[in-house]
Amino acid sequence: MFRIPLLVALTLAIAFGGGIASAVWALKATVGFGSISIGPWVAFPEAQTENADPYAKAHRARAGELLYGGAEGLTFTAQTDDKGEKLSAACSYDVSGLTPQARFWTLYAANADGQPLRPGSDLPSAINSWTVLRAEDSSFTIHVSPIAKPDNWLALRHSGTFRLVLTLLDTPTAGSSGLIDLAMPKVVKTGCGDA
């Protein structure tokens with residue numbers, strides 16, 4: 001007598017549970033479709049526009065992220081170095097070169113959920129285009145390391161993996177169809193531990 005209602009309830013629980021679990025997984029797995037990769041840097045130019053796919057819109061709403069206009073900004077993230085190895089907080093890296101043209105840019109380290117890492121109130125947790133020290137050709141080298149470094153140092157006080165987030169603001173890059181031809185900074189591992 002209770003066999004059929006029990007089977008219907010079990011089927012509905014599996015269907016709803018599976019649907020909810022797959023939707024949450026999809027939101028965590030991707031920002032959306034249409035990514036652009038330049039070396040280790042990945043951006044989703046359409047993710048913050050009106051034409052974004054439903055996954056990108058849901059991901060943005062879940063994260064509560066700021067919506068940039070067409071040419072206002074573009075965010076690149078790097079989870080690996082130039083050799084394709086995951087970024088580890090136990091290692092040191094040099095982010096060097098030039099950024100695409102932008103009025104202002106910021107670089108910081110974030111955890112897997114995209115939340116900025118806070119190494120401490122007295123340590124540099126972010127670098128921007130106004131504070132970075134540059135060479136004569138306008139290139140720069142930023143040392144991302146748990147160990148203090150001279151010049152441009154981005155401190156890490158974290159364990160496990162992390163990602164670098166480079167946000168370009170007021171840039172023609174965001175509205176450009178030539179994103180593939182852009183030159184992005186290199187991310188090179190310089191050592192692990194005390195090396």
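Analyst: Let's start with a term: two strands pair if DSSP finds at least two bridges between them. Strands themselves are DSSP runs of E with at least two residues, and helices are runs of H or I with at least four, both numbered from the N terminus. Before we dig in, keep in mind that this is a predicted model, where local features need pLDDT of at least 70 and side-chain atom pairs count only at pLDDT 80 or more, while totals for chains, interfaces and linings use all residues. Residues are numbered from 1 along each chain as its sequence is written, and side-chain values use heavy atoms, with hydrogens and water left out.

Our strand is β4, which covers residues 91-97. With strand β10 (residues 186-192), β4 pairs in the antiparallel sense over six bridges.

How enclosed is β4? Five of its seven residues are buried, so β4 is largely enclosed by the rest of the structure. Buried means under 20% relative accessible area, exposed means over 50%, and partly exposed is in between (1.4 Å probe, protein chains only).

Now for its ring. Rings of Phe, Tyr and Trp (its six-membered ring) pair if their centres lie within 6.5 Å; planes under 30 degrees apart count as stacked, over 60 as edge-to-face and the rest as tilted. By this rule there are three aromatic pairs. One of them joins Tyr 93 and Phe 162, edge-to-face, with 6.1 Å from centre to centre and 70 degrees between the planes. Tyr 93 sits in β4, whereas Phe 162 is in the loop between β8 (152-155) and β9 (163-169), so the pair ties together parts that are 69 residues apart in sequence. Phe 162 counts as buried too, at 4% relative accessibility.

For contrast, look at Val 8 in helix α1 (residues 3-29). Val 8 counts as partly exposed because its relative accessibility is 44%.
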